[in-house]
Amino acid sequence: MKTIKIHPLDNVLVALEDVKAGETYEGVTAIEDVPRGHKMALTDMAEGSEIIKYGCRIGTASTGIRAGSHVHVHNLRTALSENAKYEYEPVSYPLPEPGKRTFKGFRRSKGKVGIRNELWIIPTVGCVNSIAEKLVRDNQDLVSGTIDGLYTFTHPYGCSQMGDDHATTRKVLASLIRHPNAGGVLVLSLGCENLTDEQMKAELREWNDDRVKFLTCQKSDDELADGRRLLRELAEFAGQAQREDIDASELIVGMKCGGSDGLSGITANPTVGRFSDRLIALGGSTVLTEVPEMFGAESILFNRCKDSETFDKAVRMVDNFKQYFVSHDQVVYENPSPGNKAGGITTLEDKSCGCVQKGGSAPVVDVLEYAEPVTAKGLSLLSGPGNDMVSTTDLTAAGAHMILFTTGRGTPFGAPAPTVKISTNTALYEKKGNWIDFNAGGVADGTETLDEAGDRLLDYVLEVAGGKKTRQEESGYREIAIFKDGVTL
C-alpha cells in the first residue's frame, strides 16, 4: 500500500511512500512528485474549494488545483477564524471489550497507585537547581531494592513572578510533590524566594512527614549533609513499598504528539486512540491536552461530551485559549512548525484533525484547568499549550502515570512520568531506536491493522506500568517546563 484515502469523503489522498509523477492511485495519475506524508488531489478544485481529509475540512484551495497535483502550503490555506460558534450535537460510539487486565504497581495512601517508586527532589526556586543536581549525583547509592531512581526537576521560577504565574508555579510544584510515582520527595528551597515554605505547605494542604521532607538551604550549616540525611530517611520509607497486582482501571495515561508528520493522524495517533478506548473500557483514564492543536477539529471532541455541562466547559476551554492568542496579537492558526510542514502537515486544521485521533471514540467525561488533577474515569480534556515540555509537565501534574508521545520526526526528551515514544513510521523506529519505544509504522506498511496496533500498545503500556523502562528513562532524560504568561521582575 503506497497511498491511503483516509475517509470516503476525502478529496485528497496521503502518500505512504514517495509518489512519482505518472503513477496512478485511486484512478488519478500524479502530475508531479508527492513526498511521503504529503497530499495529492483526487479531483480538480477551484480556488476557494474545501480540501477534505479525515472526512473534515482542513482548509481551502488558495488557487486552482488540478487532479494529481501535490496539495500543500503553496496551494492550500487555513479556513479558521477566531470567532467560531459551536452547537452541542451529541454522538456516541461503542467501546471494545478487552477483558480484565492488571499490572504490577505500588499502592499508595488514600487509594492512589504509582507505577514507579522514585525519590524526587523538587526545587521551589531556580537558585537551588545546582544544589539539587549535586544531591542527585552524590546520593545514587540510595537507589536500591524497590527504589527505581533519584531525580530532580529543575526550573527557573519560584521568584520574580507575580499573580497567575506565581500561582501556576506553586500549583505545578505541589502537584509534582503529590505525584504517586514518587515514593519520597525532598522539597528544596533557598529561604528568601517569593515562593516561601509557608506558601508551598499551604498549597500542599497536607502531606505524610515520612514521605515529604523540607530543606531550606539558607537555614542549614551544610545543605549537602542535611540533604543526604533527609534523602536517606526518605529512602528508608520508600524502600518499604513493594509491587503488587493492581487493576488496569487505576491507570491514568496522558496523550501527546510532537514532531508530527503526514502519517501521524494515520498510524500513531489513531493507534493511541484505539489504546485509549481499550483502557477506558477497562475502567481506566486517559488525558488529552494541546488545546491549540484542537483548533479546527474541536467539534469532533465537543460532540462526544457526556452532557451539555461538559460541552460548555470544553467550549470555554477552547475559547479562552483562542483569546490568549488574540490578547498577545497572535492569530490562532499560526501553529504547524517547519518540521510539521516538511512532514506533510499543511494547516492547523490538518494537524488538529490528526491530533485528536489520539482521543479515540470514548465520551469526554471532564474538562480540566491547567495542572488540575484527574478525578473522573474515562477521557478528560486538559487545558494546556502544544509545547512539548510544557504540555507533558501539565499532564504529569494532572496525575498521569505515564505519557504516550507520538512522533513522526523523533525527539529524545522525557517528562517526569515515563514517556513512551511512538513512531508514525518504521524508518524512524529503525533509525532512532535509542529514542523510540513503539512502532506504529506497521499500519502504513500493511503488516497490522489499527486494532491490532491498539491491542499491542495496551500490552506494552501494562508492561511499562509494571516496571519496564522506556528509552527516555534508560537515557535519564527528564525535565519540566512551567507555563508562563506574565511579567518577570
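I began with the naming: helices (H or I, at least four residues) and strands (E, at least two) are DSSP runs, numbered from the N terminus. Leu-489 sits in the segment after α14 (471–475).

The model is predicted, so local features need pLDDT of at least 70 and side-chain atom pairs count only at pLDDT 80 or more, while totals for chains, interfaces and linings use all residues. Residues are numbered from 1 along each chain as its sequence is written, and side-chain values use heavy atoms, with hydrogens and water left out.

Next I asked: is Leu-489 buried or exposed? Leu-489 is exposed, at a relative accessible area of 61% (exposed means over 50%, with a 1.4 Å probe and protein chains only). Together, Met-162, Val-487 and Leu-489 make a nonpolar surface patch of about 300 Å² (patch residues have over 30% relative accessible area and no salt bridge, and nonpolar side chains are joined within 5 Å; a salt bridge is a side-chain nitrogen of Lys or Arg within 4 Å of a carboxyl oxygen of Asp or Glu).

Then I looked for pockets (on a 1 Å grid over the protein atoms alone, open sets of points where a 1.4 Å probe fits, with protein on both sides within 12 Å along at least five of seven lines; lining residues have an atom within 4 Å of a point). I found a volume of about 1200 Å³ for the largest pocket (the space filled by probe spheres set on the points). Among its 46 lining residues, Tyr-54, Cys-56, Ile-300, Val-356 and Gln-357 are the closest to its centre. α5 gives the most to this lining, 4 residues.

How values were computed: Patch = residues over 30% accessible without salt bridge, like charges linked within 9 Å, V, L, I, M, F, W, Y side chains within 5 Å. Areas by Shrake-Rupley, 256 points an atom, 1.4 Å probe, with all protein chains shown as cover. Buried < 20%, exposed > 50% of the residue type's maximum accessible area, 1.4 Å probe, protein only.
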